[in-house]
Amino acid sequence: MQPVSPFAFAVFAVVKVGVVFTAILLAVAYMTLAERRVSAFIQDRLGPNRVGPFGLLQPIADGIKNVLKEETMPATANRFFFVLAPALSIIPALVTFAVVPFAAPLPTPWGVVDMIVADVPVGILFILALASLGVYGLFLAGWSSNNKYAFLGGVRSSAQMISYEVALGLSLIPVIFLAGNVTLTEIVWQQQQLGMWFALPLSLAFILFVISSFAETNRLPFDLPEAESELVTGYHTEYSAMKFSMFFIAEYAHILTASALMATLFLGGWSIPFWDGDHMFWYEGALISGFSPMGEPIPASPAWWKTLLTFGAFCVKTSFFVLVFIWVRWTLPRFRYDQVMHLGWKVMLPTALTYVMLVAGTILLLDQMRVGGILFGAALTAVSGAATLTFVFVVDRDRIIGGSARSVPRLKGD
Amino acid sequence: MAATVKVVRRPEAGKTSYLRATMKGMAVTFKHMIRPSNVTLEYPEERPEISSRWRGTHVMEQHADGRPKCVACGLCPTVCPANCIRLVGGEDDMGNRYPIVYEIDEFRCIFCGMCQEVCPVEAIHVGVHFENAEYTRDRFIYDLDRLMEQDHPSTLLWDPSDPASE
């Protein structure tokens, strides 16, 4: 099984870009429907069920409506940035998906094609870089609108994104420790080799990553930049029609990408649990499925049905997290600004730093003791489990959501 | 679905949590998500059950030969608190009184049902019906023919099996 020739690679790359882009936009359209219907079920309503069977054509109706609506431009807005901002917020959300592997390599008559748009060697760093770009779209939208509510939304979004990027980055460091690499294909491979998903041996990193992802995607309980009850709709108050739609698509594309990342980094990506047949990785120019006890690479046998099955597994894991995003949104109320800052800097950051130290120390210790394989994973799971329980039951006692009010000494009789 | 009041005690300081409380909250919302207690009535397809004592659009009862039962006594326009009934009475060769004009302005009507209560010949009734949307305002003034055309059941002002409302 050989990789494809450079020419075929270019052709397949173009095809993959087209297919993945279309699939994401389609998924985003149906996520808006899922959001509305799930929220309706949670609130004992029915949700949109009029357009097509079960409301399945609702996204198309919404799309037509948004295209046909009037585009408004505030008289005092900065024209250039006002138009640029929606594009700036949608592009990072879509581009991040490029480094996420979504299925096992597919064998074709021209060679084996990787099911990833761009297997860039800097994987996680690329994601972190683009995640920080997303804030420009929101902030420029808020600033260029020349509207106080939009501006406050922009300020909040930048403060929040910067605060939680630190915790996001730190929660990824244990993953890099375990995988030994930053490419997402290798992270999936290492989870297959370890025999368990990173969510187990790195449970606290997983929790921290989920929390900071909620902040990075501006979803409840972190939707202060939008905050419709205080700021109209925050940074996109002045936007209408398709430009507003772009922010909407960007928000859902962010959720999709964040869900795909959680699935890839912590739930084994496209690999199917308890099955060795889908283990595939490029090792020195050959596709291998593992190493024999002697250290010899075992060639892998890719097949189209394996690609299909692993893609199914990836979709299931990703949609689970999408559902969690929606589910949490309709469960929790919004934080106050000071609570967000308190959680970001005084809880998440110290916890993430401590946890990085803990994981690094444990891995060093296990390596020194020459513990490998499943025992290594089990030991790390025990240590992380203890850390997680400490976080949930000891640290999270009247402290996580304290805010500035907590630092004021209590009055007598309070 | 009866509304209930649940008193939530404030937790003691130092005993609150966020993550555990979130899990609890998510359990609650999950229960609703998989088994929504469906209170929505999908109106055009599903119809509400209206009480037989519902007072809605009027109905004029008629004799078997198609004449209105109304004898133009003038009691209903007199008793009507909203003053929405216009009645011009006439008398035929036999000396029977009949309405020449009988109009009810459904916009002014407050659906108190007093016209039905006061009618000595049980001609005018309020009806078990509520869908009377129209495209123009003048369509809301129902004339005699229109009142006789209404085919919905007329309101029971009391339960015939329990006339004293016991």
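Modeller: The largest nonpolar core holds 108 residues, and the ones with the most contacts inside it are A:Val175, A:Leu208, A:Ala253, A:Leu256, A:Met262 and A:Phe266. By nonpolar core I mean a set of buried Ala, Val, Leu, Ile, Met, Phe, Trp, Tyr and Cys residues joined through C-beta atoms within 7 Å. Buried, in turn, means that 20 or more other C-beta atoms lie within 10 Å of a residue's own; 12 or fewer makes it exposed, anything in between partly exposed, and the C-beta atoms are placed from the backbone. The largest share of this core, 15 residues, is supplied by helix α9 (residues 241-266) of chain A. Helices (H or I, at least four residues) and strands (E, at least two) are DSSP runs, numbered from the N terminus.

A word on provenance: this is a predicted model, so local features need pLDDT of at least 70 and side-chain atom pairs count only at pLDDT 80 or more, while totals for chains, interfaces and linings use all residues. Residues are numbered from 1 along each chain as its sequence is written, with chains lettered from A and ligands numbered from 1 in the order in which they are written.

Leaving out residues up to four places away in sequence, A:Val175 touches A:Ile187, A:Phe198, A:Leu202, A:Ala205 and A:Leu265; a contact here is two C-beta atoms, placed from the backbone, within 7 Å. Apart from this core lies another, of 18 residues, including B:Val59, B:Cys70, B:Leu87 and B:Cys109. As a general point, nonpolar side chains tend to be buried together in soluble globular proteins.

Now helix α5 (residues 148-179) of chain A. Its 32 residues should span 46 Å at 1.5 Å a residue, and its end C-alpha atoms are 46 Å apart, so the two agree; the expected span is 1.5 Å times one less than the number of residues. Just after α5(A), A:Gly180 takes a positive phi of about 70 degrees.

Still in chain A, look at A:Tyr239, in the loop between α8 (228-231) and α9. A:Tyr239 counts as buried because it has 25 C-beta neighbours inside 10 Å. Neighbours within four places in sequence aside, A:Tyr239 is in contact with A:Pro86, A:Phe244 and A:Phe247. Its C-alpha atom is 8.7 Å from that of A:Ala141, 98 residues apart along the chain.

Zooming out, chain A has 13 helices and 5 strands, and buried residues make up 45% of its 414 residues. A compact globule with 414 residues would have a radius of gyration near 22 Å, and chain A, at 23 Å, agrees with that; the radius is taken over C-alpha atoms, and the globule rule is 2.2 Å times the number of residues to the power 0.38. Among contacts in chain A between residues at least 6 apart in sequence, 77% join residues at least 24 apart.

Two of the strands in chain A, β1 (residues 103-108) and β2 (residues 111-115), pair in the antiparallel sense over 4 bridges; pairing requires DSSP to find at least two bridges between the strands. A hairpin joins β1(A) to β2(A) through 2 residues, and A:Ala103 stands opposite A:Met115 in β2(A).

Over in chain B, 3 strands form an open sheet in the order β2-β3-β5, with antiparallel pairing. β2 (85-91) and β5 (141-142) of chain B stand at the edges with a single partner strand each, so one side of each has no neighbour in the sheet. β2(B) pairs with β3 (residues 97-105) over 7 bridges. B:Ile85 faces B:Ile104 in β3(B), and B:Arg86 stands opposite B:Glu103. In their hairpin, which has 5 residues between the strands, B:Gly95 takes a positive phi near 90 degrees.

A:Phe54 is in the loop between α1 (6-42) and α2 (58-68) of chain A and counts as partly exposed, with 13 C-beta neighbours inside 10 Å. B:Ala72 is in the loop between β1 (56-60) and α2 (75-79) of chain B and is buried, with 21 other C-beta atoms within 10 Å.

Last, the contact between the chains: it takes 18 residues from chain B and 17 residues from chain A.
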